[in-house]
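I set out to record what I looked up in this structure, entry by entry.

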Amino acid sequence: MQVEQVLERLKLDLPTLFEKDISYDIYTKDIFFKDPVNTFKWKFNYRIIFWTLRFHGQLFFTELYFDLHDVQQTAKDIILANWTVRGVLRVPWKAKIFFNGYSTYKFNQDGLIYEHIDTWDRKPSEILKQFFLKGL
C-alpha cells in the first residue's frame, strides 16, 4: 500500500468510527494497540475494540463524535492523527464527555500499519469524572 492510500483511508474511517466499522486492510495481522486503558496485539482484538466502541457508544450516549482535526505523515514510517472525542451521556443530567488525543500509527515497508498508540490529554479517571457532572 502507498502511504497516501493509508492516509486517505484513515481520513475516511476515523470520523465515523462510532457509527460504522473501519477498514482493516491497512493493518497487519499482528497489529499492536495501546491506549491508556488497553494493550493488546492481533487484528482480531483490534476489530473487537472498534466493535466495542460502537456498541458502548450507542448504548451509553445520545450523541458521540470523533472529531478528526488532522492526519499527516510526520516521519518516514509514522502517521499522526489529532482528534477530539465528545458526547452526551444517556443520563437524566445529560453529562458531557470531552477529551483530546492523538494516534500514532507506525507502518512497515509494505505500507501496512503494525502499531497504533493512542495518547489522551487526561487520565481515564478524569474522563470518568465527567460522567457525573451536569451537562451545560
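I looked up Lys-11 and Glu-8 and found both in helix α1 (residues 3-13), three residues apart, about one turn of the helix. Helices here are DSSP runs of H or I with at least four residues, strands are runs of E with at least two, and both are numbered from the N terminus. The model is a predicted one, in which local features need pLDDT of at least 70 and side-chain atom pairs pLDDT 80 or more, while totals for chains, interfaces and linings use all residues. Residues are numbered from 1 along each chain as its sequence is written, and side-chain values use heavy atoms, without hydrogens and water.

I noted a salt bridge between the side chains of Lys-11 and Glu-8, at 3.6 Å from N to O. The term requires a side-chain nitrogen of Lys or Arg within 4 Å of a carboxyl oxygen of Asp or Glu. Lys-11 is partly exposed at 38% relative accessible area, and Glu-8 is partly exposed at 44%. I take buried as under 20% relative accessible area, exposed as over 50% and partly exposed as in between, with a 1.4 Å probe and protein chains only.

I then checked Arg-9, which forms a salt bridge with Asp-13, the closest N and O atoms being 3.3 Å apart. Because Arg-9 and Asp-13 are four residues apart in helix α1, about one helical turn separates them. Arg-9 is partly exposed at 28%, whereas Asp-13 is buried at 6%.

I next looked up Asp-67 and Arg-86, whose side chains meet in a salt bridge at 2.4 Å, N to O. Asp-67 lies in strand β3 and Arg-86 in strand β4, so the pair ties together parts 19 residues apart in sequence. Asp-67 is partly exposed at 21%, as is Arg-86 at 33%. In total I recorded six salt bridges.

I followed the strands themselves: β3 (residues 61-75) and β4 (residues 78-89) run antiparallel and are joined by twelve bridges. Strands count as paired if DSSP finds at least two bridges between them. The two form a hairpin with two residues between them, and Asp-70 stands opposite Asn-82 in β4.

Of the 136 residues, 39% are buried. The C-alpha atoms fill a box of roughly 50 × 25 × 25 Å, taken along the principal axes.
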